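Please keep the sequence and the structure in view while reading.

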Amino acid sequence: VSRGQGHYEDIAVHANLACVDDVWATLGSANVVERSFQYDTELNASLWHGDCVRELRGAIFGQLLGRPCSTLDGVAALDLLRETALRNCDHRTCWRPMQGLVYAIAPEHYGA
């Protein structure tokens, strides 16, 4: 969450989204493991509808990237997501405003 002037506060949102080949998607709180499906009270909705899945991916990526990207195919959207995340990592480190909500996390520091 932006607090202005390049200052951010991390928040954790528990939601899972998978879009596969712009034809199938699943969205919800369940992790794709036996525990989520059999023991925890978690739920996902899944759909097979190319137009809806592409629109969902475009809306989610647009929100993460802070710019429209519904006309990009999946590969171009992922490339833009990666580039933006890396650039925002540098911006965040130097307390400069980020574009959108996504930034890269160094694997060696994640969860440390």
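Which residue in S3 does Thr26 stand opposite? The model in which this is examined is a predicted one. In it, Thr26 faces Ser46 of S3.

## The sheet

Three strands make up an open sheet, arranged in the order S1-S2-S3 with antiparallel pairing. S1 and S3 are the edge strands, since each of them pairs on one side only. On average, and with direction ignored, neighbouring strands of this sheet are turned by 10° against each other.

Between S2 and S3, the antiparallel pairing runs over five bridges. Thr26 and Ser46 stand opposite each other. H2 packs on the sheet and touches S1, S2 and S3, and the direction of H2 makes about 130° with that of S1.

## Helix H2

H2 has 16 residues, which at 1.5 Å a residue should span 22 Å; the C-alpha atoms at its ends are 22 Å apart, in agreement with this expectation.

The buried residues of H2 are Gly50, Val53, Arg57, Gly58, Phe61, Gly62 and Leu65. They lie on the same side of H2, because they cover an arc of only 160° around the axis. Among the elements that cover these buried residues are S1, S2, strand S3 (44-48) and helix H3 (74-93). The face turned away from the buried side carries Asp51, Glu55 and Gln63, which are exposed. Just after H2, Gly66 adopts a positive phi of about 70°.

## Salt bridges

Side chains of opposite charge can pair when their charged atoms come close. With a cut-off of 4 Å between a side-chain nitrogen of Lys or Arg and a carboxyl oxygen of Asp or Glu, the count comes to two salt bridges.

Asp22 has a relative accessible area of 14% and is buried. Arg57 is likewise buried, at 6%.

In the salt bridge between Arg54 and Asp51, the N to O distance is 2.7 Å. Both residues lie in helix H2, three residues apart, which is about one turn of the helix. Arg54 is partly exposed, with a relative accessible area of 36%, while Asp51 is exposed on the face of H2 turned away from its buried side.

Technical notes:
Residues are numbered from 1 along each chain as its sequence is written. This is a predicted model: local features need pLDDT of at least 70, side-chain atom pairs count only at pLDDT 80 or more; totals for chains, interfaces and linings use all residues. Side-chain values use heavy atoms; hydrogens and water are left out. Buried means under 20% relative accessible area, exposed over 50%, partly exposed in between (1.4 Å probe, protein chains only). Helices (H or I, at least four residues) and strands (E, at least two) are DSSP runs, numbered from the N terminus. The expected span of a helix is 1.5 Å times one less than its number of residues. The arc is that of the directions from the helix axis to the C-beta atoms. Contact means heavy atoms within 4.5 Å. Two strands pair if DSSP finds at least two bridges between them. Axes are lines fitted to C-alpha atoms, for helices over the stretch in contact, and angles run from 0 to 180 degrees between N-to-C directions.
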